[in-house]
Amino acid sequence: MSSKYKKSLLVCNGSSCQKAMNIDLVQHINDKLKEYGLDNEINAILSVCFNKCSIGPNIIVHPDNVEYSTVTKDDIDDIIIEHLLNNRIVDRLVYNEINEISGTSKKQYRIVLRNCGFIDPENIEDYIELKGYDALAKCLTEYTPVETIQEIIKSGLRGRGGGGFSTGLKWEITSKSEADQKYVVCNADEGDPGAFMDRSVLEGDPHSVIEAMAICGYAIGANKGIVYIRAEYPLAIKRLKIAIDQAREYGLIGKKIFGTDFNFEIELKYGAGAFVCGEETALIQSMEGLRGEPTLKPPFPSVSGYLGKPTNVNNVETFANIPAIINKGSEWFSSIGTEKSKGTKVFALAGKINNVGLIEVPMGTTLREVIYDIGGGIVNDKKFKAAQTGGPSGGCLTEKDLDLPIDFDSLSAAGSMMGSGGMIIMDEDDCMVAMARFYLEFTVEESCGKCAPCRIGNKRLHEMLIKLCDDKGTLEDIDLLRNLSVVVKDTSLCGLGQTSPNPILSTMKNFYDEYHAHVVDHKCPSGQCTSFLKYYIDREHCIGCLVCARNCPTNAIFGEKKKLHIINHEICIKCGICMDKCKFDAVYLN
Amino acid sequence: MGIVKTVEDLNKIRNSIKEKNKKLFSKNGNAKLIDIKIGMATCGIASGAKGVMDFLIEELPKRNINAKVKQTGCMGYCYAEPTIAITLPNQNPIVFGYVDLKKADEIIEKFIKKGELVDGIIPINYELAT
């Protein structure tokens, strides 16, 4: 199985690396190798983008694992002569930007996703091999429940579902609530549009969540765990069920775990996919078989939750951190991240970004690093406009926030929020008013209807945004939009209504000129809102054939044979038939 | 495999798993198994990973290649699904993206049989907390 080629040069296939030299780089290198008589030993091939577009073009020498950046045509000779023939690394082309946290040049650091993509989620042996259930053993045999909680408090872990409340404190409060029965609930009701972090963890590494729930149960004094998962995640449910059965078979959950007096059982409860059920009180209502509506806090679930008993609700990603914290210690965990936000955060990158995907970065990584160094930049090299974090509850970050270190507090200060980790990237072609409309449409659909501000207020907000996008808005609408947003925020019962106007408020703050343009200039600056577009006939191209006029369903096109035709915008319904029918490309949109 | 009653039981089980895998994959063992992992989360399956996995399971024995094909969760490279990671004996794993049946065939013939790299490699862009 020895390769014909001793070495290979991997050339980044990203568009900026490929375009940089205006030549086929792979071909060029292969030609050069031939010149040096190396073509039988070494070859060049294309590789998937390295995500280092800012220092491209990039080439990796395999298997030496040396990475060259900003390579020019002339550098190829140097690389061949120095590196390939004489085994001397061309230092001037090596960029060594060391990540302070992980001590490597990698921007990503995987704690939550440590096993995803490495183990077979349907085989417990794979998990056990990689320190699986060590953390549970350690807690049960070496730590008291109080010490376990202290370890989590010291780690500085904060809830990854969006709230950012200290996980250790939450455990402590639940542990101090006196009751004959307590519950551990895993919130796997992931509902943000474009977010898939929890699903990926459950599908790739279900045992880490099971182990963490058992640890939590031991710490707070609960012997029952419930995973509330949406029925829309069939594969995650299947793998979780297999994992629970296997853990039970091995005695890692069940009775007298590790020979101690600790018993722990886990069951699943399915949600029907209502967004509001991700809110912990609504989630508990839904688990009890009631309508998924939130209740007033206090009492908090940690005091009176599922069936009126103290209940600790944590998100999937929060749980997935726990075994790593116990195994490697709270000091290690708290050394990662920023002052008040420790550890890493998983983001689901989506939108107008080249490398859509699941990433995990230390807290404090900047938006620029996420978008350009990991995400591979904006699709088609367009200009970055905004990133929506926190889904429908969050806000947008703009160009000025690109160098902001991302953590819970910095995002709040910038008018957005961490949320559960959905990150949607928008470019210059995206209209921010339309974006706010999209999120409000989602909220209107998902509002449970219990309280009036959310049920009626969001509906009115949505209507006003539709008006703006349809070129029917007025300046009064903008004022009303802002005022009503504040009212909905201040008076809604739960987190859904308290945050649903955020996309409006943050886009208004950052992109007020776009709102203004929609009502005053009657145009959509990004061109996304089609209501503002009008069809025109180009003087140069129109030959006066009358085809468009004959096909116009509302007779909005006037003109005589062999003379320029004109569209009457009062009558035009913007159906676009004229554009389709014109054989001379004379009809255009503006 | 027995029920885990003590921490020692867990360690014993882990050691026997490690021992077993060492025999399967290491140079000194009898078999030189190739380790193939396929990203089989919802995203991967939707992009056709299941077909690629079936293809590999069916084709590898036919072509006299001794490999262990395993499903895993999401590797994180959603833009390049389906993704597979291959570890040749005593080498570092290599991840390939955009693996359709044609690519899978090319990977078997060129990479697995001859050790030649083929287009579509994804450089590892993260550090693991192990």
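## A buried glycine to start with

At 2% relative accessibility, A:G390 counts as buried, where buried means under 20% relative accessible area, exposed over 50% and partly exposed in between (1.4 Å probe, protein chains only). This glycine sits in the loop between β12 (384-389) and β13 (395-398) of chain A. Helices (H or I, at least four residues) and strands (E, at least two) are DSSP runs, numbered from the N terminus.

Which residues does A:G390 touch, not counting residues up to four places away in sequence? They are A:D192, A:M417, A:M418, A:G419 and A:G422, with contact meaning heavy atoms within 4.5 Å. A:D192 is 198 residues away from A:G390 along the chain, yet 7.8 Å separate their C-alpha atoms.

## What you are looking at

This is a predicted model, in which local features need pLDDT of at least 70 and side-chain atom pairs count only at pLDDT 80 or more, while totals for chains, interfaces and linings use all residues. Residues are numbered from 1 along each chain as its sequence is written, chains are lettered from A and ligands numbered from 1 in the order in which they are written, and side-chain values use heavy atoms, with hydrogens and water left out.

## Chain A

Chain A has 590 residues, and 57% of them are buried. Its secondary structure comes to 23 helices and 18 strands. Along the principal axes, the C-alpha atoms of chain A fill a box of roughly 95 × 75 × 40 Å. Take the contacts in chain A with a separation of 6 or more: residues 24 or more positions apart account for 67% of them.

The chain is split into domain 1 (7-93), domain 2 (124-333), domain 3 (344-427), domain 4 (432-521) and domain 5 (534-589), with bounds that come from an automatic or database domain assignment. Taken over C-alpha atoms, the centres of domain 4 and domain 5 of chain A are 37 Å apart.

Here is one residue from domain 1 (7-93). A:D77 belongs to helix α3 (residues 75-86) of chain A. Its relative accessible area is 19%, so A:D77 counts as buried. Leaving out residues up to four places away in sequence, A:D77 touches A:K32 and A:Y36.

## Chain B

Chain B has 130 residues, with 54% of them buried. There are four helices and six strands in chain B, and read along the sequence they follow the pattern α-β-α-α-β-β-β-α-β-β. The C-alpha atoms of chain B fill a box of roughly 50 × 30 × 25 Å along the principal axes. Of the contacts in chain B between residues at least 6 apart in sequence, 58% join residues at least 24 apart.

## The nonpolar cores

A nonpolar core is a set of buried Ala, Val, Leu, Ile, Met, Phe, Trp, Tyr and Cys residues joined through side-chain atoms within 4.5 Å. The largest one has 79 residues, and A:Y133, A:W171 and A:L252 have the most contacts inside it. Helix α9 (residues 206-220) of chain A supplies the largest share of this core, ten residues. Domain 2 (124-333) and domain 3 (344-427) of chain A each give at least three residues to this core.

What does A:Y133 contact, leaving aside its neighbours within four places in sequence? Its partners include A:H207, A:I210, A:L252 and A:F258, along with B:L10 from chain B. There is also a second, separate core of 32 residues, which includes A:C49, B:I86, B:I107 and B:L117.

## Pockets and cavities

Rolling a probe the size of a water molecule over the atoms shows where empty space is left. On a 1 Å grid over the protein atoms alone, a cavity is a set of points where a 1.4 Å probe fits but cannot get out, and a pocket is an open set with protein on both sides within 12 Å along at least five of seven lines; lining residues have an atom within 4 Å of a point.

The second largest pocket has a volume of about 1,200 Å³. Of the 46 residues that line this pocket, A:G161, A:G162, A:G163, A:G278 and A:E279 lie nearest its centre. β9(A) gives the most to the lining, with five residues. The whole structure has six cavities of 30 Å³ or more, and the largest cavity holds about 80 Å³ of space. A volume is the space filled by probe spheres set on the grid points, which are joined across faces, edges and corners. The largest cavity is lined by 14 residues, with A:C552, A:I557, A:C572, A:C575 and A:C578 nearest its centre.
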